[in-house]
Amino acid sequence: MADRSTYFVGVDVGGTFTDLVIVCSQTGEVRNVKTLTTPTEPVRGVMNAVREALALVGATGAQLDRVVHATTLPTNLVLERKGAKVGFVTTLGFGDMFRISKQKPIGSNRYDLSYRRPEPLVARGMVAEICERMDHLGHVITPLDVADAEARIAALAAKGPEAVAICLMHGYANPDHEQRVAEIARRHIPDAYVCISSDIWPEYQEYERASTAVLSAYIGPTFSGYVNELERALRDLGYARPLQIMQSSGGVMTAAAAARKAAYMIESGPAAGIMASAELGRACGFDNLISFDMGGTTAKAGVVQNGQPRITNDFRVGGKASAGGRDAGEPIKVPVIDLAEVGAGGGSIAWVDRGGFLQLGPESASSEPGPACYGFGGTEMTVTDANLLLGYLDPDYFLGGTMRIHPDRSRAAADRLAAKLGIDATGVARGIHMLANTNMASAIRIVTLQRGIDPREYVLTASGGAGPLHVVGVAEHFGIPTVIIPPSPGVRSAFGLLVADMAYDQIAMAADVSTGDFAALDAQFAQLEAEGRAQLRRDGFEEGIVVERAVSIRFESQVLDLTIPIPDGPVDAAVIAAAEASFRELYAATAGLRPTDRCTLVHCKVRVVAHVRKPEQAVHAPRPGDAAQAVKRSRPAYFAAAGGFVDTPVYDRARLAPGDAFAGPAIVEEPESTTICPPGYVVEVDRHLNLVIERNGLEERASIGENLVTCL
């Protein structure tokens, strides 16, 4: 009788590689697939990985119980300015908001006298201003002039927009005008992707809300077409359930919902990596972790605090670094895991500037043409080429030996740079490796030191194909004492997709409670919860639904608001008083100040969650360590602390067992990634087969705390 086990699949499309994890729902067995991304035909690349995974386990598409997907497509559309031609409809008098903008030069651009803001995603000629006006309470000041709206949208239609974003003044307080304008737009431009700000995220701050709507429209046509095509391809393979998409907030929604709210997916891939780190922390007993994910194109960092990823509603995408609270890039107001992303990955291209200094990125070789060593036509020196020349990568074991790479091509690329710099090829490779570490450390600095977090008090986790090659060097920038590398780190983000729950976020501007009447506020929470539950019912979830409620509060004299959880049950004066007390404590911990100003309630927030079946992480019994049996060979590798190239043992990670321990210098290889342990560090294998790296000798190493003891 054929095996009728069912399987979970998580598939993450990066700029260079497509990563897939397939897990048997009955046995918990995990198998991995890593293939090159096909940027011109992304669905083909995903389906290639899915078919390879099914063949690996001997299953059919009909046996897939859950498919969860993350992709860099939305981000790349913004970074590469390849999104849709967008028409923007706004209130009369506000058509220049994107020309005025809030973007400011940051970093080295602050000193650039010729700095110019990036062009808006919406051309000024694609803006339609219509006669209408609401006040901040949603009361109509100027009724919608329907004839005016018809005429202006008809004129906009003649310019051929592929998408239309609608954001009217104070539409968050009363969406009536936005909805009526959307109906007009759909009549005049029936083939256009239409989104309105009050559907995407109904929150005050006109520029940010408009930017969120425009971003959703800019990426919406391509993204919705992509997920619809992918869902059809999966159905043709026999998969009968809805495709699920990772949101930037760490929750999952159906592809149909994602297609309507494309802005929610802008950081879906990085969010998956941080969800995987949160799950790792839960398994090992660590509440506070820094997640570091380095792939072929970018490096991402985020923080897990008290067991949960930090969430922000102030995020920007499209600048040199995508992160919360930055001035460069396009703002989005939807919930996003607080992360920083920099253009530093294995494919980042090294170059020499006009001053004769070595620089790295942000341009990437991606998968086409790829690093020089790939042999696909790329000739530029990249981080991957540098790691190959330093002896960290085995040309015969790249991707587990399934892909041959060419050191001679890396050497030729390095020699060209060396001639410009007046140093040898090894010096070039070493400089590139160090520059990569420095660039990636900037991402960790954003999400820790700039948030008032001491990174030395956190555990650093590494994922991505290139993350374990660099993580110890990045940790040294901050004095982080402990690094954990999970099994199969090269596909860890794909695993993170399978530990995320279905979730929908709802928000409303909070009702006025200054009179002591809390009935309207209580009704708002009930309405938001009902909307979230209805969405989950449409997705097929009736039982096991969890509702998380919160309010955001600020001081009357300030703009900054903080989100405070509130309990279930009626919302009354005692609940809000307790929330205000929690807000004051959180503000003091964040800002170091205790203002005595009055507090103002800003938002009601509800997250409705349906918990899904997740893969169980295997626990293995420890044994007396004998790591020597896992050594498969040795090769020369460069370590500055050892004075240059030294003969370095290479460990086969598949042969390491809990309790094994060994000192650096050492290299640990597995099919999807390679880990580097420099001299002065020790590696231990815990009960979950994680590699725990510390800066200690084997004889005198100190315990890293009770959490690791229980993990070992």
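This is a predicted model: local features need pLDDT of at least 70, side-chain atom pairs count only at pLDDT 80 or more; totals for chains, interfaces and linings use all residues.
**Close-up 1. Cysteine 677 is a buried residue.** Residues are numbered from 1 along each chain as its sequence is written, and side-chain values use heavy atoms, with hydrogens and water left out.

**Close-up 2. Cysteine 604 is in no disulfide.** A disulfide is a covalent bond between the sulfur atoms of two cysteines. To count as one here, the two cysteine sulfur atoms have to be within 2.5 Å.

**Close-up 3. Glutamate 29 and arginine 31 form a salt bridge.** A salt bridge is a side-chain nitrogen of Lys or Arg within 4 Å of a carboxyl oxygen of Asp or Glu. In this pair, the closest N and O atoms are 3.7 Å apart. Glutamate 29 is partly exposed at 45% relative accessibility, and arginine 31 is partly exposed too, at 29%.

**Close-up 4. Arginine 81 and glutamate 330 meet in a salt bridge.** The N to O distance is 3.7 Å. This pair links distant parts of the chain, 249 residues apart. Arginine 81 sits in the loop between helix H2 (73-79) and strand E5 (86-91), and glutamate 330 is in strand E19 (residues 330-332). Helices (H or I, at least four residues) and strands (E, at least two) are DSSP runs, numbered from the N terminus. Arginine 81 is partly exposed at 37%, whereas glutamate 330 is buried at 7%.

**Close-up 5. Arginine 598 pairs up with glutamate 556 in a salt bridge.** Their closest N and O atoms are 3.9 Å apart. Arginine 598 lies in the loop between helix H16 (573-591) and strand E29 (599-610), and glutamate 556 in the loop between strand E27 (545-555) and strand E28 (561-566), so the pair ties together parts 42 residues apart in sequence. Arginine 598 is exposed at 58%, but glutamate 556 is partly exposed at 43%.

**Close-up 6. Asp394, Lys632, Arg633, Arg635 and Glu669 are linked in a network of salt bridges.** Searching the whole structure turns up 33 salt bridges.

Definitions and conventions
Buried means under 20% relative accessible area, exposed over 50%, partly exposed in between (1.4 Å probe, protein chains only).
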